[in-house]
Amino acid sequence: MPKKYFASANSSEGFVNRFSDIFGGCRRLYVILGGPGTGKSRFLGEVAARGHDVEYYYCSSDAESLDGVLIDGWLGLIDGTAPHIWSPTCIGAFEETVNLGAFWNPHSLAANRAEIETLSTKKQAAYAEAYAFLRAIGEAEKGIQGRLLDALDREKLARAATRLLRGVTGGSGGKRNVGFCSALGMRGEAHLDTYEQANDVFAISDSIGAAWLLLGEIDRQSLARGISARVAPNPIFPKHLEALSLEGQGLSFFTGEGEDAISMKKFFDSEKMRALRSELRGVREMQARLKDYAIEALSRAATAHFALEEIYSSAMDFAAKEQFTEEFCQTLF
């Protein structure tokens, strides 16, 4: 199955970017520059098609666009434009830049400068509004989390994690790779099912918003045993996990529903949860409403963004850009 992830998230902590974790260990990294609509995503896809073992990293704001690809474990290509600007650490020896702006007509763009500035301002304002709502979701979580943790039976949770890891062979080092499986963006919520494609899959039912506790315990125990894993932070709460896959083990855990899903309710004291039920329900309803407001703001950002794409696309010489792509691939491979 294709390995598809997100490398960043629009979260309650603002824009969270894990490019350095994912691509920092490459032997060669190409940073792709260019405005919206200049074909960065297509360039990444066309280069990736020449590789054998490819990890695809999609844009958290537009799940239909690529932000990066990791090819054969050593070659990385990323979109280096805002908001995930890459600061070079060893330009020439490690990083190279590819400027797709070389194929646009600057005079055409200059003629549309006023509209570009207006649309960019609208887009930034919409994102600022979305992040304000997402921060409010995070603050509400802080308000309820202490009481939720107080109701948790930690020993029962630890025993469950141990059972789930029974038969898993230990490793050395316990490397952690990162790849979000969900995102909140300009087209709404997006989800990639890569973590659900393992041979053995365990869904964790999360009606109370606590699956991250079991996932965190599984991560802690597997790390202590030197087992390497791919982890998916929650896109809204990036310090919490949404999914985890034990690499080389064919075993994966994810937040979701299913006939045999593990219910998080059994790890909590029933009496304490009864006392908390009304408040917890109110917080979750408020968070859902705030998320809807954030999505609506992001949809307004999308209107401005896609209008910008049209302006830049109309200024591009795509025939020359495609010829360059072919020459780039021939040289690279």
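In which loop is the place of Pro-235? Select Pro-235: it sits in the loop between β13 (229-233) and β14 (241-246). Strands here are DSSP runs of E of at least two residues, and helices are runs of H or I of at least four, both numbered from the N terminus.

A note on the source: residues are numbered from 1 along each chain as its sequence is written, and side-chain values use heavy atoms, with hydrogens and water left out. This is a predicted model, in which local features need pLDDT of at least 70 and side-chain atom pairs count only at pLDDT 80 or more, while totals for chains, interfaces and linings use all residues.

Stay on Pro-235, which is buried, with a relative accessible area of 8%. Buried means under 20%, exposed over 50%, and partly exposed in between (1.4 Å probe, protein chains only). Now show the residues that Pro-235 touches: Ala-9, Asn-10, Ser-11, Phe-180, Ser-182, Ala-183 and Glu-242, not counting residues up to four places away in sequence. To touch is to have heavy atoms within 4.5 Å.

Next, select Arg-163 in helix α5 (residues 154-164). Arg-163 is partly exposed, with a relative accessible area of 45%.

Last, select Lys-123 in helix α4 (residues 113-150). Leaving out residues up to four places away in sequence, Lys-123 touches Ala-301, Ala-304, His-305 and Leu-308. Which side chain of opposite charge is nearest to Lys-123? That is Glu-309, 7.6 Å away. Lys-123 is buried yet has no salt bridge, meaning a side-chain nitrogen of Lys or Arg within 4 Å of a carboxyl oxygen of Asp or Glu. Lys and Arg count as positive and Asp and Glu as negative; His and the chain ends are not counted.
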